[in-house]
Structures are given as structure tokens and as C-alpha cells.
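Work through the exercises below with the sequence and the model side by side, and try each task before reading its solution.

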Amino acid sequence: MQIVADVGGIPGKDCNGFCKYCYFRKVKEIEPLGCSNCLPNKIGCERCSKGISENVSKFRNPFEVLTDVQNTLMMQPVKDDIKVNISGGGDVSCYPYLENLTASLKQYGLNSHLGYTSGKGITNSEIATNLINNNVDEVTFTIFSSNPDIRREWVNDKHSEESLKACQIFAENIDLTAASVIIPGVNDGEILRDTCDALENWGAKGIILMRFANTFNEGLILKNGPILKDFESQPVEEFGELVKQINKEYNFRVSGTPICDPETDGPFAIAKDKNEIFLQFIKNVTGEATIITSKTAKPYISKIFEKIGAENVNVVAVPKEIACLITKEDLETLDLSEIKESVILPGRAFVHQLDAERILSADGVERVVGRGPDTLSVDGELSFDMTDENVIERELEQFNDLVDAINFFGMKIN
């Protein structure tokens with residue numbers, strides 16, 4: 001199991017400068033969005049205000065980080081096979097006490113995983129060897145491209161040759177999962193294949209391909225889009241085909257986010273025809289409700305409820321492509337004539353209950369608004385280390401939670 005060592009950090013400040021494509025570039029001051037964590041009569045909490053922009057704290061003192069780890073360890077009934085995931089809002093490779101922190105964790109007999117890092121804090125590749133000697137045995141490395149010139153320009157990496165050498169050292173000696181935000185015309189095509197060739201030759205565990213987001217509907221909810229002018233993101237379906245093609249061409253693990261994990265059939269593996277047999281394990285639907293979701297998820301969720309014969313459930317999509325990033329502006333685009341008297345929102349949607357009830361009852365119909373589970377599947381980042389059985393099991397659990405919400409909030413059917 002993994003426990004988190006949060007070293008803090010602010011995007012753009014504690015990562016040696018923004019990458020050109022960074023989600024947090026151009027973020028402006030925003031009013032609290034509202035979410036399920038807010039107090040009933042107050043819009044705004046830590047999660048949906050400062051938390052979402054990750055600008056809460058600078059890098060933390062290593063003593064504080066170690067104290068948190070020790071306190072977490074004391075709460076664990078089983079102390080075997082524990083790994084510490086070092087992560088934060090900045091780039092962990094830029095954390096000035098990283099080598100000291102990993103050395104201290106080693107003294108406790110703990111191995112470390114460097115959570116997402118671009119490696120921009122590595123000015124000398126020997127740092128990678130030092131970290132490995134400190135029991136770092138896993139790294140998730142945002143490579144973007146194995147071409148140092150492209151990396152220098154787009155990742156804002158002034159020492160791209162050294163960080164790429166470090167990436168190679170990690171891949172040759174420990175588990176390295178690469179990640180790359182794919183920007184059409186910049187690091188796709190043959191450049192992507194060159195990167196995959198290098199990773200495979202080095203012995204990397206695999207690569208997670210991440211679709212570039214550039215507009216509000218693609219997920220930029222912090223009033224910061226477009227991040228890049230004159231650049232368009234790949235359509236979701238086209239991106240999924242790219243993931244499948246790269247998976248066919250290479251022997252290591254390939255997955256994509258927000259869609260397409262060829263190994264597990266996620267997300268929404270149970271919507272696939274070959275997995276239809278597992279739908280028998282979803283509970284009976286006894287309520288009538290409308291499920292609101294993203295336009296990406298709608299076809300999958302609709303198919304699953306059609307297959308289980310839930311005729312009193314309809315699925316309505318907002319323009320947003322990621323359901324957990326739905327905001328009140330998305331709800332305002334809906335045709336309320338399509339919405340039943342009971343509505344289920346995604347659990348993590350950034351909409352306060354007061355706003356949801358006001359917007360969804362604007363036609364004079366007083367609707368009951370409930371929350372479903374936080375997720376209904378596992379995206380390619382999380383499913384990377386899962387089997388197809390793991391994903392199916394997780395999805396069945398989540399869809400049963402969704403059915404529980406429909407049966408609780410929905411009007412009962414005969």
C-alpha cells in the first residue's frame with residue numbers, strides 16, 4: 001500500500017516555471033465554485049476555492065513532511081509493504097530537500113515513489129542515482145518528448161539533456177512510468193514514436209498518453225482558457241484511436257486519459273459487449289431519475305442502463321467532456337424538458353446544492369437533486385497498474401452505488 005508524503009508547492013512557482021501546456025497557466029482569481037463538500041447554506045470551501053488551483057502552500061519543511069508520514073504510519077494496522085508516494089502541488093524533483101527526505105525515509109525502512117515529476121529540478125543526472133540509492137524504486141515521469149530541444153521549449157526545462165539522462169537511469173534501474181501530454185503537431189506522430197522507442201529501449205514500464213485540454217468544455221474551469229492560442233485539441237475519439245495504435249506498436253504498457261486503456265477496456269469496461277455478462281451483478285433499479293454526466297461518458301452510461309433494462313432512467317449530457325469538472329454553467333445549458341423530477345449529479349461535480357436546485361428547477365418543476373458516486377470508472381492513469389478484473393470489479397461497485405442513489409432519490413416505480 002502507499003501513503004502520501006505531501007511536500008506542498010505551487011504550480012508555476014515551485015516547478016521551475018510553467019510548462020507551455022500546463023493546466024494551471026493563466027489561472028485567474030475565481031469565485032468559489034461550490035461542491036458537495038461545502039456547508040449546506042454556504043457556497044465555497046477549501047476544495048472548490050483555493051484547493052482546485054493548488055496555490056495553497058509553498059514547499060513544506062521536511063520535518064513537517066516526515067512528521068505527517070510518521071503519524072500516518074502509526075494509524076496503519078499492517079506495516080509491511082508500505083511505500084511512500086512523494087507528491088505535491090509543485091514538481092517533486094524541484095523540492096530542495098528531496099534527497100534528504102528520501103534518505104530519512106530509507107532509515108525508516110521505507111521505499112519511495114516519486115509522484116508526477118517532469119524532472120525539471122534535476123540539473124545533474126547523478127541525482128537519479130542518489131535517489132535510487134535512497135530506496136526510490138518507482139517514478140512517474142512526465143517526459144513530453146525524448147528530444148531535448150522540444151523538451152526545452154515546451155516543458156521549459158533548461159537542463160533537458162540531464163533530466164532525460166536521469167529518466168533513462170530511472171528506467172534502466174527501477175519502475176518508471178512515463179507520461180506525455182499530447183499536443184497535435186508538436187509531440188505526436190514520429191516524435192511520439194521516437195519517444196516511445198527511447199522509453200522501450202531504456203526499459204520503461206510504459207507510458208500514459210494524456211489528451212491536451214485547451215477550452216472550458218475540455219476542462220479549463222479556472223477561467224484560464226485557451227492555454228495555447230492557435231492550437232486545437234484532438235477530438236476524444238481520435239485521441240482514443242492514437243492510444244490504441246501506439247499500444248499495438250509497442251510491447252510495454254500503454255494507456256490514455258481521459259479515455260482508452262486497451263489492456264483493461266477502461267473506462268467503462270462493463271459497457272463493452274464482451275463484458276455484458278457482468279451486468280447481472282448490478283442491482284435492480286426501482287427509482288426514476290435523470291443522470292447528468294459529460295458528453296464523453298454519456299454513450300457508455302446510457303448503454304449500460306439500456307442493457308440492464310432501466311427504462312425509467314435517462315442520461316443527459318452537458319457540453320463538458322469530464323464529468324467531475326461539471327460546473328453550474330454547464331447545468332445552465334440543459335433543456336429542462338429532458339430532465340425528470342429526480343436528478344443525479346456526479347459526486348465530484350463543482351456545483352453547490354443550492355445552485356443545482358435553483359438551476360434545475362428554473363422551469364417551475366421543483367426537482368430533487370442527489371449525488372452519485374465520485375466516479376463510475378477508472379481512467380488510464382489509475383488503471384495503468386490494474387488488471388481488467390480489477391477495473392470491472394471497481395465499476396460494478398461504483399454503478400451499484402449509482403443505483404443506490406437513483407433508488408433513494410428517484411420517484412419509485414411499480
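**Exercise 1.** In this predicted model, which residues of helix H11 (residues 353-360) are buried?

*Solution.* Begin with the cut-off, since a residue counts as buried when its relative accessible area is under 20%. Within helix H11, the residues that are buried are Asp355, Ala356, Ile359 and Leu360. Next, look down the axis of H11, where these buried residues fall within an arc of 110°, so they line one face of the helix. Finally, ask what covers the buried residues of H11, and you will find, among others, strand S8 (287-294), helix H10 (328-331), strand S10 (342-345) and strand S11 (368-371).

**Exercise 2.** Decide whether Ser112 is buried or exposed, and find its contacts away from its sequence neighbours.

*Solution.* First place Ser112, which lies in strand S3 (residues 111-117). Its relative accessibility is 0%, and therefore Ser112 counts as buried. Then, leaving aside neighbours within four places in sequence, list the residues in contact with Ser112, including Lys83, Val84, Thr102, Leu105 and Asp137.

**Exercise 3.** Describe the second largest pocket and state which helix gives the most to its lining.

*Solution.* Start with the space in this pocket, which is about 400 Å³. Of its 22 lining residues, the closest to the centre are Val236, Glu237, Gly240, Ile259 and Tyr300. Helix H8 (236-249) and helix H9 (298-307) each supply at least two lining residues, and H8 gives the most, with five. Sorted by class, the lining has eight nonpolar, five polar and nine charged residues.

Technical notes. Residues numbered from 1 in each chain as written. Predicted model: local features only at pLDDT ≥ 70, side-chain atom pairs only at ≥ 80, totals over all residues. Heavy atoms only, no water. 1 Å grid on protein atoms, 1.4 Å probe; cavity = no way out; pocket = protein on both sides within 12 Å on 5 of 7 lines; lining within 4 Å. Points joined across faces, edges and corners; volume = space filled by probe spheres on them. Helix = DSSP H or I, 4+ residues; strand = E, 2+ residues; numbered from the N terminus. Nonpolar A, V, L, I, M, F, W, Y, C, P; charged D, E, K, R; others polar. Buried < 20%, exposed > 50% of the residue type's maximum accessible area, 1.4 Å probe, protein only. Contact = heavy atoms within 4.5 Å. Arc of directions from axis to C-beta.
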